[in-house]
Amino acid sequence: MSAPRVGLIGAGGISGVHAAGWRALGADVVVHSEHGAQALADRFGFRTADTLADLWPQVDLVDIVTPTATHAELALAAIAAGRHVVCEKPLARTSVEAAAVVEAAESAGVRLFPAHVVRYFPEYAAARAAIRGGRIGTVAVARFRRMSAAPKADWFFDEARSGGIVLDQMIHDLDQAEWLAGPVARVFARSTAKAGDGGRVASAAVTLTHTSGAISQVYGVWGHPGLPFTSSFEIAGDAGLLRYDMARTDSARIHLAGPATAGGYLPATDPSDSPYAAELADFWAAISTSAEASVRGVDGVRAVAIAEAVLASAASGEVVELPLEPTEPSTEGSLP
Amino acid sequence: MTTALGPISTSPTTEPTTVPLTVGILSFAHTHASSYARILAATPGVEVLGTDPGPYDPGTVRGAAFAAEHGVTYVEDVATLLAKAPDAVVICAENTSHRELTELATAAGAHVLCEKPLATSDADAAAMLAAADAAGVILMTAYPVRFASAFTDLVARVRAGQLGDIYSILGTNNGKMPLAQRSWFTDPARSGGGALLDHVVHVADLIDALLGEGAEEVHAVTNRILRADAGVDVETGGMVSIRYPSGVIATIDCSWSHPESAPNWGGLTLEVHGTAGSVRIDPFAAHVAGYDADGELWAGFGADLDARMLGEFLDAVRTGRTPQPDGAVGARTLAIVTAAQRSVEAGQPVTL
C-alpha cells in the first residue's frame with residue numbers, strides 16, 4: 001500500500017486528531033482552510049494550498065473537517081474533481097444533501113467514508129463483537145450516553161449550520177444504536193438549551209424503538225466548562241448485560257497540584273492507538289484494496305436521517321416514524 | 001460520603017423520646033417486610049404486631065413463621081390487628097391491596113407508612129390521601145433512597161446554587177426481575193404492572209424532591225424481551241421520558257435488565273446537569289468486590305436507608321408533623337407511572 005496523498009480541508013477543532021492520524025500513515029498532506037491552515041501545517045510538517053483548484057492535483061483523497069453546513073458542497077466539489085472523500089460526521093446538514101453526496105460518489109466511481117469514528121473506539125467495537133458473538137442474547141434495552149463541556153465555536157449552537165448537539169454529538173450514539181441494536185423504527189425526543197454564566201449548555205434525550213422491539217435511550221449533554229468528556233453505554237440482552245463507562249474504566253489516575261483542569265470537548269484517547277488513526281487507516285486500506293470499510297456512505301446518510309427524526313420529534317413533541325433502512329445493514333467489515 | 005452543606009429538612013430529627021408505640025405490619029407480601037420487621041423489632045419502645053393474609057408462594061416463609069423469625073407478635077388477621085388500636089401500620093401487601101388496607105387502617109386511627117408504589121391507580125391514590133386526611137393521620141410513602149447521604153448532599157448542593165439552573169436529568173433504576181422471591185410482582189392483577197410500576201417511582205420521587213414540581217408530560221415505551229422465558233404478563237423493559245413545567249427534561253430507565261447471574265440485586269443512579277455544575281449519584285455503589293465459588297462477589301455496605309426512613313416515620317408519628325416523602329408525593333410519582341402506561345397504549349406522549 002502506498003502512502004496516501006491527502007487534502008485536509010479545514011483546520012478547526014477536530015483537524016488535529018485527523019492530522020495526527022494521517023501523519024501516522026506517512027501521508028503526504030496538503031491543508032486548505034479559510035483559517036488556520038498555515039499553523040496546522042507548521043505543527044505537523046504539512047504543506048498548504050490557497051485554493052481548492054490548487055489542492056485537487058496534489059492529492060488522491062480529501063478529508064473534510066469543516067463546519068457541518070459546508071460538508072456537502074465541499075464533498076461534491078471533491079467528487080467532481082475525481083477525488084475520494086473522507087468527511088467528518090455528519091456527512092451533511094440534511095439527509096437529502098447526504099444522499100446526493102453518496103449518489104455523486106457512486107456515479108463518479110470514487111470512494112466516500114463518513115468519519116463515524118466511534119465505530120473505531122475499541123470499547124464499542126468490543127461490544128459489537130460480544131453482541132454478534134451471542135454473549136448477551138437478544139438485545140432488549142440499551143442506553144448510550146455522551147457528554148462534555150459545550151464546544152466554544154458559535155456555529156455549533158447555530159441549528160441551521162450544525163444541527164446543534166443532535167447532529168454534532170448525539171449522531172455518534174444514534175449510529176451506535178443502529179450498529180449495535182439494529183434498524184430504528186420510531187423516535188421520541190426532547191431537547192433543551194440554556195445560557196449559563198460559563199456559556200451555553202444543551203441536552204437531548206431520545207428514546208428509539210428498534211424494528212426488533214428493542215428500546216434504546218440516547219442521552220447527550222453539552223455542559224458547563226468544567227464537565228469532562230465521558231461516554232458510556234449499557235446494553236441488556238435476554239441472556240446478559242454489557243456495560244462500559246469511560247469515567248469508571250480509567251487506566252491511569254493523575255492528580256497534579258495546581259489549578260483544577262477544566263472539561264474538554266474531545267475524549268482522551270491513547271495517542272499510540274488512536275481511534276481516529278484507526279478509522280483513517282481503515283479508509284485508506286479500503287481505497288487501496290477496493291474493500292469495504294467499517295463505515296459506508298449510506299451509513300452516514302442513515303445517521304443524518306435518524307438525527308433529523310430526533311430534531312423533528314423534539315420540535316413537534318410527537319413520536320416520529322422512520323422509514324426502514326433502504327439498504328442492507330453493514331457487513332462485518334474490517335472491525336478494528 | 002459526608003454532607004458538605006449540612007442537613008436538609010427531610011432528614012429525620014433525632015430528638016429522643018420514650019413514648020411507647022405499637023406498630024402493625026399489614027402483610028409480609030413485599031420482600032421489604034423482612035427489613036422493616038427486623039428494624040422495628042429492634043427499636044426500643046416499639047411493640048411490633050404483624051399479620052399476613054396471604055396467599056403465599058410455595059416454599060416461602062410467610063405468616064406466623066415469618067413473624068417468629070423476625071421477633072414480631074403474630075395476629076390472625078387485619079381486623080384483629082386493627083382492633084388492638086396500633087399507633088401506626090406499615091403496609092407491605094401486594095400493590096393492588098394498598099388502598100383497601102390504608103382505608104381500614106386510617107379508619108382505625110392508625111398512621112400509615114405504605115410500601116411503594118402508593119397504589120396502582122390515580123383514583124386509589126387520591127382515595128388514600130382523602131382517607132388519611134379525614135382521619136387526621138399520617139400517610140407516608142416508603143421511598144428509602146430519599147435518605148441516602150449521596151442524595152441529601154445533592155439536594156443541599158442544588159439548594160445552595162452550586163449547580164446553577166438544572167436543565168437535564170438522567171435516572172436509572174435497574175435490577176433483576178423480582179420473580180424469584182415473590183410471584184405477585186409479575187402478576188398484573190396483584191402488582192398493577194411490571195417494571196414501569198416497580199422502578200419508575202423511586203427515581204421520580206428523587207426528582208420531585210429536587211425540583212419541587214410535578215411532571216407535565218410523559219412519554220414511555222416498553223417491551224418484554226428480557227426474561228421472556230419466564231412467561232410473565234408484564235413489561236420487563238421500559239424507558240420513560242418526562243418534561244417538567246420549568247422545562248427540565250428527564251429520562252428514567254426502569255428495566256429489569258440485570259440477569260439472574262448478576263452478583264447483586266441492581267442499583268439506582270441519578271445524574272443532574274445544571275448550568276454551573278453536574279452531579280451523578282450512585283447510592284448503592286459502595287461494595288467490596290471479589291470472587292467466590294460461583295463467580296463475582298458483591299458485598300454491599302453503607303447506611304441502612306430503611307432504618308432512616310422508619311426513623312422519620314416513627315418521629316412523625318410521635319410528634320404529629322408531616323413526614324417526607326408523604327402520601328402526596330406518592331400520588332404525584334404514581335401519576336407519572338400511570339401516564340407512562342397510557343403513553344405506551346397511545347404510542348404518543350401524554351400530558352398530565
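Here is a short chat about a predicted model with chains A and B.

Student: Ground rules before we start?
Tutor: This is a predicted model, where local features need pLDDT of at least 70, side-chain atom pairs count only at pLDDT 80 or more, and totals for chains, interfaces and linings use all residues. Residues are numbered from 1 along each chain as its sequence is written, chains are lettered from A and ligands numbered from 1 in the order in which they are written, and side-chain values use heavy atoms, with hydrogens and water left out.

Student: How many helices and strands in chain B?
Tutor: Chain B has 10 helices and 15 strands. These are DSSP runs, numbered from the N terminus: helices are H or I of at least four residues, strands E of at least two.

Student: What is its radius of gyration?
Tutor: For chain B it is 20 Å, close to the 20 Å from the globule rule for 352 residues, so chain B is as compact as a globular protein of that length. The radius is taken over C-alpha atoms, and the rule is 2.2 Å times the number of residues to the power 0.38.

Student: How much of chain B is buried?
Tutor: Buried residues are 57% of the 352. Buried means under 20% relative accessible area, exposed over 50%, partly exposed in between (1.4 Å probe, protein chains only).

Student: And the charges in chain B?
Tutor: There are 20 positive and 40 negative side chains, and the centres of the two sets lie 2 Å apart. Lys and Arg count as positive, Asp and Glu as negative; His and the chain ends are not counted. Each charge is placed at NZ of Lys, CZ of Arg, CG of Asp or CD of Glu.

Student: Switching to the backbone. Where are the cis peptide bonds in chain B?
Tutor: One joins Gly54(B) and Pro55(B), with omega about 5 degrees. Pro55(B) sits in the loop between strand S2 (46-51) and helix H2 (63-70). Another joins Gln324(B) and Pro325(B), with omega about 0 degrees. Pro325(B) is in the loop between helices H9 (305-319) and H10 (327-346) of chain B.

Student: What about phi at Ser290(A)?
Tutor: Phi is positive, about 55 degrees, although Ser290(A) is not a glycine. Ser290(A) lies in the loop between helix H9 (275-289) and helix H10 (297-316) of chain A.

Student: Is Ser290(A) buried or exposed?
Tutor: Exposed, at 65% relative accessibility.

Student: Where does Arg227(B) sit?
Tutor: Arg227(B) is in the loop between strands S8 (217-223) and S9 (237-243) of chain B. Phi of Arg227(B) is near 55 degrees, also a positive value in a residue other than glycine.
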